[in-house]
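Subject: Structure for you to look at

Hello,

Here is the structure I said I would pass on. Please open it first, then read the notes below beside it.

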Amino acid sequence: MKHTASLLTLLLPFILVNAQKKADRKTLGNLQSHITYLASDKLDGRRTGTPGEQLAAAYIADQMKQAGLHPRGDSGYLQVFPVSEGKQISSSSRMKVNTTYLEAGQQFIPLPFSAEKTVTGDVLPEVKEPGNIWLINVKEDVELNPHADPLDVYRQQTREAARSGATAVIFYNGSENVADVSRWLNRPSEPLTIPALWLDNSGSKTLENAATINIDLQVGFSASKRTGTNVVGYIDNKAPGTIVLGAHFDHLGHGEDHNSLAPGSKTIHHGADDNASGTAALLELARQLKESRLHKYNYLFIAFSGEELGLFGSKYFTEHSTIPASTFNYMINMDMVGRLDTAKGLQVGGIGTSPSWPALLRHAIPDGMRVTYDSSGVGPSDHTSFYLKNVPVLFFFTGTHNDYHKPSDEAAKINYDGELRVIKVVYDVVAKSNDTDKLMFTKTRDKQTGSSARFTVTLGIMPDYTWQKAGIRVDGVSDGKPASKAGILTNDVIMQLGDHSITDLEDYMQALSSFKKGDTTTVKVIRGEAEKVFNVQF
């Protein structure tokens with residue numbers, strides 16, 4: 001017996017290490033399997049509302065079922081949500097210049113106030129005659145006030161042309177890009193009496209290079225009733241509190257929503273790191289926590305869709321939660337965790353959302369791992385939706401790279417060993433919190449995201465990224481900031497900042513960039529049915 005006990009004592013470390021290596025090999029194999037499938041051509045880029053997204057959702061639901069998770073969607077594991085109800089260009093829309101057809105949605109885009117009609121005509125570029133199509137060279141013929149809404153300018157130009165007898169208006173050589181003009185289709189607009197079209201650079205050159213111009217055009221719209229699908233699984237430990245883990249699984253498809261960073265590319269955007277990597281990590285953590293003895297809390301696992309369009313899935317879930325939101329202890333979000341680089345290290349956001357995070361992370365981060373921390377609870381991913389509901393959050397991210405939002409974000413480029421290390425950190429945070437009571441929530445500083453504008457002031461509001469109408473809907477107001485001091489409230493819709501009309505997030509950021517600390521201005525908002533104006537000082 002003594003000899004047996006001594007032998008076991010000697011063998012125990014070897015047995016434990018070997019078991020750990022076996023567990024790691026299983027996780028690594030699963031990660032590779034998950035990401036390879038989710039980023040495969042079969043799923044066609046997992047664009048929200050497409051068959052590829054549905055294939056991904058079915059796969060995730062099946063993996064949750066195999067792991068022993070209970071379904072917690074509205075229909076089994078699935079939760080369907082609306083994305084937008086704007087206009088989309090009908091397949092009947094066409095534009096032909098002489099014998100050349102222009103591509104709808106790229107070379108030409110009907111403006112949202114366009115009439116749905118068919119018009120033909122032999123056109124002279126410099127002649128605007130009644131009973132014919134008018135060509136308007138924006139660069140030469142239109143004075144665009146930098147503070148004006150260009151869509152309003154185009155609408156007024158079209159209205160005046162219709163009064164003068166134009167049968168259609170074609171705007172070319174404008175300064176906007178396809179992405180900007182495509183977003184206009186989501187804005188509500190009453191149709192005018194004649195078609196109005198915008199041309200991109202290549203479409204404009206087609207006009208300019210033609211010696212004689214015969215135009216045949218037709219405009220048609222169809223309603224865009226796009227939906228997305230969240231996938232929700234649950235470990236019910238009969239506990240009073242619930243820990244939420246999430247990752248978005250949608251990606252860009254072929255770049256149809258104009259969010260690709262590969263100009264002109266229409267091939268599959270595979271999204272291996274963004275965010276098949278986070279989804280794979282979510283599935284492996286679900287399996288591990290189901291097999292664990294961590295039973296003080298329930299665990300809710302959510303694979304979100306609609307993130308690439310503006311956090312649609314997570315926002316919908318927080319407003320239609322299938323588990324009482326009052327039970328949420330905290331939320332951990334994993335987005336792009338597949339490219340861990342020893343030089344850049346791991347990035348962890350949200351540590352300012354609870355005073356408990358620094359200690360929990362200190363015990364979870366292994367020696368030698370480089371980590372960069374950010375206190376903010378908001379950012380360009382799904383944890384933001386939970387932070388705005390006063391839930392402590394953590395955001396795990398291994399950084400951007402040259403393949404971000406490009407077709408080249410492929411499974412072969414994932415650092416699987418690095419992702420395993422990230423999963424272990426997340427697991428250890430969850431395990432350490434098993435010994436704690438419900439975490440206290442704290443508000444954090446603002447973090448502006450999502451614009452090319454450079455600015456030195458903040459209004460102190462969190463925009464609603466899912467808002468589809470004109471203006472910026474306020475999703476949250478930071479205490480002590482200019483908006484709060486002025487009396488702006490959650491759900492107000494900002495329509496104007498000083499002299500700047502606000503139609504979308506980019507307009508808002510560009511407006512902010514024109515102010516400096518100490519400046520005073522006005523903010524016009526719509527509150528319910530009323531229009532209100534507030535004085536603010538930055």
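R183 is partly exposed, with 39% relative accessible area. Keep in mind that this is a predicted model.

R183 has a charged partner: its side chain meets that of D180 in a salt bridge, at 2.6 Å from N to O. Both residues belong to helix 5, which runs over residues 178–184, and they sit three residues apart, about one turn of the helix. D180 is partly exposed as well, at 26% relative accessibility; the band for that label lies between 20% and 50%.

In total, the structure holds 22 salt bridges. Two others are described here.

One of them is in helix 8, residues 312–319, where K315 and E319 are four residues apart and so are separated by about one helical turn. Their side chains meet at 3.0 Å, N to O. Are these two residues buried or exposed? E319 has a relative accessibility of 41% and counts as partly exposed. K315, at 10% relative accessible area, is buried, because the label buried applies under 20%.

The other salt bridge is between the side chains of E256 and R47, with 3.8 Å from N to O. Which parts of the chain does this pair link? E256 is in the loop between strand 14 (242–248) and helix 7, while R47 is in the loop between helix 1 (2–38) and helix 2 (51–66). The two residues are 209 residues apart, and the pair links distant parts of the chain. R47 is buried, with a relative accessible area of 18%. E256 is partly exposed, at 36%.

E256 and R47 also belong to a network: salt bridges that share partners join them with R226 and D257.

Last, helix 7, which covers residues 272–291.

Regards

Conventions
Residues numbered from 1 in each chain as written. Predicted model: local features only at pLDDT ≥ 70, side-chain atom pairs only at ≥ 80, totals over all residues. Heavy atoms only, no water. Salt bridge = Lys/Arg side-chain N within 4 Å of Asp/Glu carboxyl O. Buried < 20%, exposed > 50% of the residue type's maximum accessible area, 1.4 Å probe, protein only.
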